[in-house]
Amino acid sequence: MTQKERCLKAVAEKVSSCRKCELSKNRKKTVPGTGKPDAKVMVIGEAPGKNEDEQGLPFVGRAGSILDEALEKAGKKREDVFITNVVKCRPPNNRDPRKKEVESCNEYLEKQIKTVDPDIILPVGNHALQRVLSKKKISQHRGKIYKKNGRKYMPTYHPAATIYNRKIRPRFEKDIQKAFEGG
Ligand code: SF4
């Protein structure tokens, strides 16, 4: 096992027994995140949903398939990226995570970013954009490069948003491709 694999496993283990915030009360499974330990591209969503909570994996169900299809069009697979969320436990009834919950969970996300050390980070969807880059309106910021604390970020749509608004799917796919080209 490599050093990065050891570090990510340690984060996942800490998350699995974490009781630092309210979200631990209703979760079925923790969803620490998964993927390539030295991925060049890291995808960050907001929070696990129902399917993720049941399976303990990020981005499963229809949104996950859309992400997989976009990766495939970019000539990549899910195993080529590291995928996680701002909070690692499902908020009840899919409500937005609260500020305190995001802050409680932040140490895990920070450790994952530091360990994977990706070339580019993609916050996906409005909520992740706000939590990660303190910006609003994904439609205004998608596909643009931002620098924060020496890291490169490129927000894009949440794949679930492309289910209801199919015209943004090509833009989402273009952003995924762009991420692998270095942003
Ligand atoms: S959401 Fe994060 S901080 Fe809250 S219980 Fe889950 S792992 Fe711990």
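Helix H4 supplies the largest share of the shell around the ligand, namely three residues. The structure is a predicted model, in which local features need pLDDT of at least 70 and side-chain atom pairs count only at pLDDT 80 or more, while totals for chains, interfaces and linings use all residues. Residues are numbered from 1 along each chain as its sequence is written.

The ligand is surrounded by 14 residues, the closest being Cys18, Cys21, Ser24, Cys89 and Cys105. A residue is taken as near a molecule or strand if its C-beta atom, placed from the backbone, lies within 6 Å of it. By residue class the shell around the ligand holds seven nonpolar, three polar and four charged residues. Here Ala, Val, Leu, Ile, Met, Phe, Trp, Tyr, Cys and Pro count as nonpolar, Asp, Glu, Lys and Arg as charged, and the others, Gly among them, as polar.

The protein has eight helices and six strands. Their order along the sequence is α-β-β-α-α-β-α-β-α-α-β-β-α-α. The radius of gyration of the protein is 15 Å, close to the 16 Å that the globule rule gives for 183 residues, so the protein is as compact as a globular protein of that length. The radius is taken over C-alpha atoms, and the globule rule is 2.2 Å times the number of residues to the power 0.38. Along the principal axes, the C-alpha trace of the protein spans about 40 × 35 × 30 Å. Of the 183 residues, 42% count as buried. A residue is buried if 20 or more other C-beta atoms lie within 10 Å of its own, exposed if 12 or fewer, and partly exposed in between, with C-beta atoms placed from the backbone. Among contacts between residues at least 6 apart in sequence, 72% join residues at least 24 apart. Two residues are in contact if their C-beta atoms, placed from the backbone, lie within 7 Å.

Helix H4 (99-116) also packs against helix H1 (residues 3-16). The axes of H1 and H4 come within 9 Å and cross at roughly 170°, which makes H1 roughly antiparallel to H4. Axes are lines fitted to C-alpha atoms, for helices over the stretch in contact, and angles run from 0 to 180 degrees between N-to-C directions. Angles under 35 degrees count as roughly parallel, over 145 as roughly antiparallel, 65 to 115 as roughly perpendicular and the rest as oblique. On the H1 side the contact involves Lys4, Cys7, Leu8, Val11, Lys14 and Val15, which meet Tyr108, Lys111, Gln112, Thr115 and Val116 of H4. The residues of this contact divide into six nonpolar, two polar and three charged.

Two residues of the H1–H4 contact, Lys4 and Val116, are also touched by Asp38, not counting residues up to four places away in sequence. Asp38 lies in the loop between E1 and E2 and counts as partly exposed, with 13 C-beta neighbours inside 10 Å. The C-alpha atoms of Asp38 and Gly56, 18 residues apart along the chain, are separated by 21 Å.

In helix H5 (residues 126-133), the buried residues are Asn126, Ala128, Leu129, Arg131 and Val132. Their cover includes strand E2 (41-45), H4, strand E4 (120-123), helix H6 (138-141) and strand E6 (151-153). Just after H5, Ser134 takes a positive phi of about 55°.

Asn94, in the loop between strand E3 (81-85) and H4, has a phi near 60° and is exposed, with 12 other C-beta atoms within 10 Å. Asp117, in the loop between H4 and E4, has a positive phi of about 50° although it is not a glycine. With 14 C-beta neighbours inside 10 Å, Asp117 counts as partly exposed.

Asn26 is placed in the loop between H1 and strand E1 (34-35) and is exposed, with 12 other C-beta atoms within 10 Å. Ala161 belongs to helix H7 (residues 161-164) and is partly exposed, with 19 other C-beta atoms within 10 Å. Ala161 touches Gly125 and Ile168, not counting residues up to four places away in sequence. From C-alpha to C-alpha, Ala161 and Ala63 are 8.3 Å apart in space, with a sequence separation of 98 residues.

Conventions: Helices (H or I, at least four residues) and strands (E, at least two) are DSSP runs, numbered from the N terminus.
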